[in-house]
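Subject: A structure to look through

Dear colleague,

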Amino acid sequence: MTTNNHKQHLYPTRIDMSAATRSQVVGLLNATLATTLDLKTQVKQAHWNVKGMDFYQLHLLFDEMATELEEYIDLVAERVTALGGLAVGTARTAAADSILPEFPFDILDGKEYVTALADRYAPYAQHLRVAIDKADELGDADTADLYTEISRTIDKRLWFLEAHLQGSATTATATAREKVAVK
């Protein structure tokens with residue numbers, strides 16, 4: 001899990017957590033904020049540029065996914081500030097601090113976009129599960145719960161993406177088996 005390079009200043013709060021714990025949780029949340037912002041922009045990149053027979057369906061799906069991520073960006077940033085931290089959420093910091101690889105710009109086909117997004121949702125989902133455990137270790141059940149909420153939806157979205165890929169692979173495999181069986 002990455003930690004951003006930004007010096008963390010905590011503002012006074014009456015939340016009953018030590019400053020040391022809040023500082024660690026804020027660092028964790030800001031790492032998530034950066035990655036979530038990056039993922040949202042990559043999903044929008046797919047939304048704007050997808051082509052092919054499944055264009056309309058994928059265009060709508062990707063937009064819905066980006067909208068969900070926007071909600072999570074706000075939840076994470078607000079948790080940072082509730083803990084007395086500074087939410088670090090500019091495009092530049094997101095690009096610098098994200099755990100995700102850059103999105104490929106040389107693809108057009110819907111299946112390639114689905115694959116690229118699945119390749120980004122999987123490490124993001126893993127990041128969230130690690131963050132759940134870390135927040136638990138730090139004794140912050142509320143942040144762990146926030147991560148759990150996000151994790152459930154991200155896992156569901158990863159399933160949706162993979163179902164698109166599995167459907168075509170399963171269909172191709174079944175067709176190949178049928179051809180072999182006919183011979």
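Below I describe the overall build and then the salt bridges.

This is a predicted model, in which local features need a pLDDT of at least 70 and side-chain atom pairs count only at pLDDT 80 or more, while totals for chains, interfaces and linings use all residues. Residues are numbered from 1 along each chain as its sequence is written, and side-chain values use heavy atoms, with hydrogens and water left out.

The protein has 5 helices and 0 strands, and its pattern along the sequence reads α-α-α-α-α; here helices (H or I, at least four residues) and strands (E, at least two) are DSSP runs, numbered from the N terminus. Of its 183 residues, 43% count as buried, where buried means under 20% relative accessible area, exposed means over 50%, and partly exposed lies in between (1.4 Å probe, protein chains only). If we take contacts (heavy atoms within 4.5 Å) between residues at least 6 apart in sequence, 78% of them join residues at least 24 apart. The protein exposes about 10100 Å², and carbon and sulfur atoms supply 55% of that area, as computed by the Shrake-Rupley method with a 1.4 Å probe.

Side chains of opposite charge can pair when their charged atoms come close. The structure holds 6 salt bridges, each being a side-chain nitrogen of Lys or Arg within 4 Å of a carboxyl oxygen of Asp or Glu.

One of them joins Glu 70 and Lys 40, with 2.8 Å from N to O. This pair links distant parts of the chain, since Glu 70 belongs to helix α2 (residues 55-82) and Lys 40 to helix α1 (residues 19-49), 30 residues apart. Glu 70 is partly exposed at 37% relative accessible area, and Lys 40 is also partly exposed, at 22%.

Which residue forms a salt bridge with Glu 64? That residue is Arg 157, and the closest N and O atoms are 2.5 Å apart. Arg 157 lies in helix α5 (residues 141-182) and Glu 64 in helix α2, so the pair ties together parts that are 93 residues apart in sequence. Arg 157 counts as buried, at 4% relative accessibility, whereas Glu 64 is partly exposed, at 44%. Together with Glu 68, these two residues are linked in a network of salt bridges.

Finally, Asp 155 and Arg 129 meet in a salt bridge of 2.9 Å, N to O, and this pair links helix α5, where Asp 155 sits, with helix α4 (residues 110-137), where Arg 129 sits, 26 residues apart.
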